[in-house]
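Here are my notes on the model you asked me to look over. Have it open beside you while you read.

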Amino acid sequence: MTADTQAPQSELGRARLRKEDARLLTGETNWTDNMVLPGMLHMAFVRSPMAHARITSVDLSAARSMPGVIAAFSGADFADEQGSLPCAWPVTEDIVVPAHPPMATDEVRYVGEAVAVVVARDRYEAADAAAAVDVSYEPLPVVLDIRSALEENSPKVHEAGNKSYEWVFAQGDLDEAFRDAPVVIERNYRQQRLIPSAMEPRSVVAMCEAGEFTLWSATQIPHVLRFLLAVVTGIPEQNIRVIAPDVGGGFGSKLQVTAEEVLAVLVARKLGKPVKWTESRSEGNLTVHHGRDMWQRIRIAADSDGRLRGLSVDLLADMGAYLMLVTPGVPLLGAFMYPAIYKMDAYSFRCTGVFTTKMPTDAYRGAGRPEATYAIERIMDELAAELGVDPLEVRERNWIKHEEFPYTTIATLQYDSGNYEAATARAKELLGYDALRQEQAERNLDNDPVRLGIGVSTYTEMCGLAPSRVLGSLAYGAGGWEHASIRMLPTGKVEVVTGSSAHGQGHETAWSQIVADQLGVPFEDIRVLHGDTQIAPKGMDTYGSRSLAVGGMALVGACDKVIAKAKHITAHMLEASESDIEFVGGRFHVRGDPKAGHTIQEIALATFAAHNLPDGVEPSLDSEATYDPDNFSFPHGTHLCAVEVDTETGMVTIRSYVAVDDIGKVINPLIVDGQVHGGIAQGIAQALYEEAVYDDEGNLLTTTLADYLVPSAADLPSYVTDRTESPAGNRLGVKGVGEAGTIASTPAVVNAVVDALRPFGIRDITMPCTPERVWRALQNAQENGGAA
Amino acid sequence: MAKITVTVDGVTYTDDVEPRLLLVHYLREQVGKTGTPIGCDTSNCGACTVHKNGVSVKSCAVLAVQADGTEITTIEGMADGQWHPLQQAFHAEHAVQCGYCSPGMIMAAADLLRNNPNPSDQEIRDGLEGNLCRCTGYENIVRAVRRAAEAGASS
């Protein structure tokens, strides 16, 4: 009766230590780069050193004669079979989607684009031979700045020009909102280009045996990848198996169908041998898709008391050289979030997607929502400054009150729940907000050379991607459902198969907690399987903070079916009416007679033996369920950041950071806190440290972790976290949490930096707010006579 | 080719290696110690940290021939019947998410605690500056190292 030793409710909300840790802490890991197969060969890519050029010749002869080299190929060798890398989100009917061959054949459009591949018996020989490939280029003009790329005389990235699409959205009468508005504020914000920088570099192993393909890849999306590999290469889908073994972080960067994955499959087929490719970090910085890279023009109109009347957003978004999996859709995920938690009468949004001769951009943690949250939260601070009121006060005058939920925003989203008052009150208390404001005023009066700044971010976001019908209406190429199945084994243990594909999120633990709670079986008796299209044949994978809110609900549906079947069988075995059977703590019994009953494990064994099943009931106790959410998930919260800014050096130091998040019900608080910590760190990284920099010839200057400053423990503060709870509309009451920290923290930090410098007349610092940028802004302010 | 003799996690291996072979590639591909991962090629990330004669080194910045005659300990050699206190603490404090940085982080932390058995939080942060994590924001890593220190991990 082990099932009865644990009250079922105790699993949800319990700080279970993770099942995944045992292998990860001892080195018994299964990273793709660990894979060794008999006869396996190693690939090394030759990449373009030019940002834009015509390929005039590729000479592979020297490489082919090098020791250990088995083969070498250029783009021409794949021309008939490589297809075009897919863009699954053509956001408008007239969008320009250029052909994107996995290996360039006649023209390269960014530094790092693959132009040849060498295959050798070990990775050193492959690297040597790649260096011996001689490629001749005829340079073409580069296109690097999206602000000038649309001018008539700009060089072109593609024949069709540099504009990919324009997408617009409008609600309410914007002209009326701005007409005679007492306060109108316009700002231009820069979202710098970022490199996602998952710690595990991309890695691929491809094998072709008797026409059947297996691809191991460090990917977030084994199911989507399988489908699209079939579409791109023409290999029948049923002959492709994709396995995502242990995957070392993604943050969107492994939500992709990459050139290297396609080419590995094609090379394995050509040679009849398994091939491996693992990128170096430098190669990855060049060729893992980048994130953000937008110019944002934002305008608000408000009444004299600070009440918002209208909001207008005009974006230029850098697509890079090609459209990859969801490149054009990323800004759209932000389009609905600029109004954030605020009420207003009118809203208009326009985004223009622009091609440049740089690495394509695509989803990076938050994907569109960090950009939106940054712009609106930054300009709300400007509104507060304009009116001379506290930034939290001006927010409160505009936010949706807790009694107004559910609330349909001006962007037509229906927010199901929230309590901005409660989260803000708790955050203020934890930070000691009022005391810090007092200290700030005193230090400003004293002309302290080290200024205190307090930054506010009262964010919300839309995640839990996504209702399939909504995705369809936005021209996205797939659905937003998730799949789960449950297999009760004869011994009473449970196999759970999930279509979501974790890469650090702890699904094996959290999913076990959900199933233990639903079925009343011990946490330890549950095994969660995922990340292999042969083991978990259906799924939409992991991104957009969707796994719990969508995949977790699929699990609940599968558990429902198991319980219903077991109840039917129990009634038959006990010769009772099914309506009299109750299920409590993993045990079915006749109402009013708790002694007459069977555990779910006993029923599992009975269905295996199948000696005494009701007529028409199939042996075995298992189920499948698919869940398609009817709404997005809307986590929210209040993040407060206090910074010390040294006005003599420009150095910004985070003194304290408080995050109060409302993510609904919590399955595992340890995992949730970990997601919040990591999310905050990534948002701080954008605010203070990270930027992908290209020179004026289109060379990436930040190709290493010495140049691209992923922060270390010494660069980051400790975080104070807490939660409020407004349950979401799904049965688990859960919202997504994977991206919330990143979405919230960037504006909190930059608002704090600007708050510290406002007495000098400074109202913006371009991210990342490096000491140099802060120092220069102070110099400029003083030269321009800003009040010191 | 050069002949080297290296003791890895208590087992002695003699191998012919190319002079340019990196220690991390030797460990992963010749000895089969795939518990030690590679995160970069400029010795910035620390994922490949191991101990060479008891001192932490980034095994991507050491040639296999430089390890001749030394004792190497990897993450796979840290447990001695039971998990090392750092492994236990990383588990207990949820200092692991994707786990890719964890082996190097634990090996670096072990060396940190050997030099400074009772570090302050700031000393932990400064001591782990050469090891990058993208998932945890370091909060729970700092807590785990503190917990391991309190459990006497340095002894």
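The points below go from the whole complex down to single residues.

1. First, how to read this. Each chain's residues are numbered from 1 as its sequence is written, with chains lettered from A and ligands numbered from 1 in the order of writing. The model is predicted, so to speak of a local feature takes a pLDDT of at least 70 and side-chain atom pairs count only at 80 or more, while totals for chains, interfaces and linings use all residues.

2. On confidence, the predictor gives the complex an ipTM of 0.98 and a pTM of 0.97. Chain B has an average pLDDT of 97, and 99% of its residues score at least 70. (pLDDT is the predictor's confidence in each residue, on a scale from 0 to 100.) Where pLDDT is low, predicted coordinates should not be read in detail.

3. Now the overall build of chain A.

4. How much of chain A is buried? Buried residues are 58% of the 788. Here buried means 20 or more other C-beta atoms within 10 Å of a residue's own, exposed means 12 or fewer, and partly exposed is in between, with C-beta atoms placed from the backbone. Of the contacts in chain A with a separation of 6 or more, 81% are between residues 24 or more positions apart. A contact needs the two C-beta atoms, placed from the backbone, to lie within 7 Å.

5. Which helix of chain A gives the most to the side that touches chain B? Helix 18 does, with 7 residues. In total, 42 residues of chain A are in contact with 45 residues of chain B. Helix 1 (21-26), helix 8 (281-287) and helix 18 (669-688) are the elements giving two or more residues to chain A's side. That side has 20 nonpolar, 17 polar and 5 charged residues. (Ala, Val, Leu, Ile, Met, Phe, Trp, Tyr, Cys and Pro count as nonpolar, Asp, Glu, Lys and Arg as charged, and the others, Gly among them, as polar.)

6. Chain B is assigned domain 1 (2-75) and domain 2 (85-150); such bounds come from an automatic or database domain assignment. Their centres are 21 Å apart, taken over C-alpha atoms. Domain 1 of chain B puts 15 residues into the contact and domain 2 of chain B puts in 11.

7. Asp59(A) has Asp134(A) of strand 6 as its bridge partner.

8. Last, some backbone details. Most residues other than glycine have a negative phi, and most peptide bonds are trans. A cis bond joins Phe405(A) and Pro406(A), with omega about -5°, and another runs from Leu465(A) to Ala466(A), with omega near -10°. Thr412(A) has a positive phi of about 70° and is exposed, with 11 other C-beta atoms within 10 Å. Ser620(A) also has a positive phi, near 80°, and lies in the loop between helix 17 and strand 25 (621-627) of chain A. Among the contacts of Phe608(A), leaving aside neighbours within four places in sequence, is Ser620(A). Phe608(A) is in helix 17 (residues 600-609) of chain A.

How values were computed. Helix = DSSP H or I, 4+ residues; strand = E, 2+ residues; numbered from the N terminus. Pairing = 2+ DSSP bridges.
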